[in-house]
Amino acid sequence: MRYFFKFLLFFYCFVSFAQLPKGFVYVEDIIPEINVELRYYTSNNFVGKVIDGYHSNKLILTKQTAIALKHVQEELQNNNLCLKIYDGYRPQQAVNHFIRWANDLNDTINKPIFYPDVAKENLFKADYIASRSGHSRGSTVDLTIINGNTGKPIDMGSTYDFFGEVSWVNYDNISDIQKANRKILQKVMLKYGFRNYPKEWWHFTLKGEPFPNTYFDFPIK
């Protein structure tokens, strides 16, 4: 019986500490107060369903990325602002789910919300959907800024994951306030070592990411 309990203890420790590959962390362990709303763990996304591989609302990133985000959060908090994260590490199985969805041209349930002006068959050509995602390397995040008092996102001129030119970083036909809000996000993210994807104001990747050529597929749980 003694050996049985030792085995159980060993198994518990193994499961507890071997859930993530080396170099990855749960971001809440680094930034306990981080606001996380993984959209692919919900039906509030362009597919309209929970996406494969998203089994919990747990934000996972490489340790270097989480530490850099901590610096971003701390600077924003000095101005009564905070980060809100919509996506971080994304398993390859989720990307494969996107690919299957994109190839089903009859499934357009959320087209009016997320891609009203883009034909679904052109989502690949326009680089809104890809067979590989930087998110699967663990150092890319989708995020916005929220008001520290209300918790509401500040106005960026378009919603998260909206496929269209209005989401491009330098899109000009938005208000001065919306432009200023985008500049706040760009400035603080660039300051702490991130680079932006020009077609998505919310999308940033850590410069010098630790796994630049590795696409992971472990589930989020």
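A pocket, as used here, is an open set of grid points where a 1.4 Å probe fits, with protein on both sides within 12 Å along at least five of seven lines. The structure is a predicted model, and its largest pocket has a volume of about 370 Å³.

**Pockets**

| Pocket | Volume | Lining residues | Nearest the centre |
|---|---|---|---|
| Largest | about 370 Å³ | 23 residues | Arg90, Tyr128, Ser133, Glu200 and His203 |

Around the largest pocket, the 23 lining residues include Arg90, Tyr128, Ser133, Glu200 and His203, which lie nearest its centre. Two or more lining residues come from each of helix H3 (92–103), strand E6 (194–196) and strand E7 (203–206). By class, the lining of the largest pocket consists of 10 nonpolar, six polar and seven charged residues. The lining of the second largest pocket has eight nonpolar, four polar and two charged residues.

Histidine 203, one of the residues nearest the centre of the largest pocket, belongs to strand E7. Is histidine 203 buried or exposed? Its relative accessibility is 14%, so histidine 203 counts as buried; the cut-off is under 20%. The side chain of histidine 203 makes a polar contact, at 3.2 Å, with the side chain of glutamate 200, a residue that also lies nearest the pocket centre. Beyond four places in sequence, histidine 203 touches His135, Thr140, Val141, Asp142, Arg195, Asn196 and Tyr197. Its C-alpha atom is 9.6 Å from that of tyrosine 160, 43 residues apart along the chain.

Histidine 135 sits in the loop between helix H4 (111–114) and strand E5 (140–147). Histidine 135 counts as buried because its relative accessibility is 1%. Apart from neighbours within four places in sequence, histidine 135 is in contact with His203, with Thr140, Val141 and Asp142, and with Asp87, Gly88, Tyr89 and Arg90.

In soluble globular proteins, nonpolar side chains tend to be buried together. In this model the largest nonpolar core has 56 residues, of which Phe46, Leu69, Leu143, Met189 and Phe194 touch the most other members. Elements giving two or more residues to this core include strand E4 (81–87), helix H5 (176–191), E5 and E7. The largest share, five residues, comes from H2.

Leucine 143 touches Leu69 and Met189, and its other contacts beyond four places in sequence include Leu83, Ile85, Tyr86, Leu185, Trp201, Trp202 and Phe204.

How values were computed. Residues numbered from 1 in each chain as written. Predicted model: local features only at pLDDT ≥ 70, side-chain atom pairs only at ≥ 80, totals over all residues. Heavy atoms only, no water. 1 Å grid on protein atoms, 1.4 Å probe; cavity = no way out; pocket = protein on both sides within 12 Å on 5 of 7 lines; lining within 4 Å. Points joined across faces, edges and corners; volume = space filled by probe spheres on them. Helix = DSSP H or I, 4+ residues; strand = E, 2+ residues; numbered from the N terminus. Nonpolar A, V, L, I, M, F, W, Y, C, P; charged D, E, K, R; others polar. Buried < 20%, exposed > 50% of the residue type's maximum accessible area, 1.4 Å probe, protein only. Contact = heavy atoms within 4.5 Å. Polar contact = N/O pair within 3.5 Å; in protein donor to acceptor, adjacent residues only side chain to side chain. Core = buried A, V, L, I, M, F, W, Y, C linked by side-chain atoms within 4.5 Å.
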